[in-house]
Amino acid sequence: MELKKISDKVFYYPHQPETDRPMLAYLKGEKIVLAVDAGNSADHVDEFYKSLEVEGLKKPDFTVITHWHWDHTFGMHHIHGLSIAHHKTNEFLNNERAKILDREYVQFLKKDNECLAKEYVDNKSMIVVLSDIQFEEELILNLGGMTARIFHVESPHSEDTVLIHIPEEKILFLGDSTSEDFFNDGYMDKNKLKTLINVIESIDCQYCILGHTDPLTKSDLLHYLKTL
């Protein structure tokens, strides 16, 4: 798997459906390098960093989390630099960290999720940590020649959903925000989806990047969402 280039400053490591590994992004500021999401395991993080090394890129200074689900956070303990998450993300992770100590719960997760079972074979440990930095509603980082606006939104997928807008690059990272709520029998809340669509429409961006698909244009994503 190779690192993909969107621009001279924006790269991504593609999603891997077989083990539910989401896309991991890399934003190369002149002062700060920011990654988007921490992957679903230490192995996922190592793969991502190896792809950076091949391109002569340094490891990230910060990693921002789009939401608490395992495939985006179970690599947090293994990242370089500091992690950033919404306070609700840390609440969810704190709860998960307590439950993961129960061996029966871990076995349940593996039985319930085929992708997780494939990622965590041979008694590989699941490690859950909280973020180093947390915020309430919005955090703006000056990366140097590029700005990252990190903000909480209402979403049908998870209560702690965070988007990352890079205005200079006209790119919006959406994590899994447009998907249904897998922890509520796959329920798609149409009102929350409509609210999210309105947010996307209001943002000046050309590309919308989701966690488990290839980059889309804003118009293509909105067209798809309005058919749901």
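User: Ala, Val, Leu, Ile, Met, Phe, Trp, Tyr, Cys and Pro count as nonpolar, Asp, Glu, Lys and Arg as charged, and the others, Gly among them, as polar. How do the residues of the lining of the largest cavity divide?

Analyst: This is a predicted model, with local features needing pLDDT of at least 70 and side-chain atom pairs pLDDT 80 or more, while totals for chains, interfaces and linings use all residues. Residues are numbered from 1 along each chain as its sequence is written, and side-chain values use heavy atoms, without hydrogens or water. The lining (residues with an atom within 4 Å of a cavity point) consists of Leu24, Ala35, Asp37, Ala38, Val45, Phe48, Tyr49, Thr63 and Ile79. They divide into seven nonpolar, one polar and one charged.

User: How much space lies in the largest cavity?

Analyst: A cavity is a set of points on a 1 Å grid over the protein atoms alone where a 1.4 Å probe fits but cannot get out. Points join across faces, edges and corners, and probe spheres set on them fill the volume. One cavity reaches 30 Å³ or more. The space in the largest is about 40 Å³.

User: Which helix gives the most to that lining?

Analyst: Helices are DSSP runs of H or I, at least four residues, numbered from the N terminus. The top contributor, with three residues from the run 42–54, is helix 1.

User: Which are the edge strands of the six-stranded sheet?

Analyst: Strands are E runs of at least two residues, and two strands pair if DSSP finds at least two bridges between them. The open, mixed sheet has the order 8-9-10-11-12-13. Pairing on one side only marks strand 8 (138–142) and strand 13 (216–217).

How values were computed:
On a 1 Å grid over the protein atoms alone, a cavity is a set of points where a 1.4 Å probe fits but cannot get out, and a pocket is an open set with protein on both sides within 12 Å along at least five of seven lines; lining residues have an atom within 4 Å of a point.
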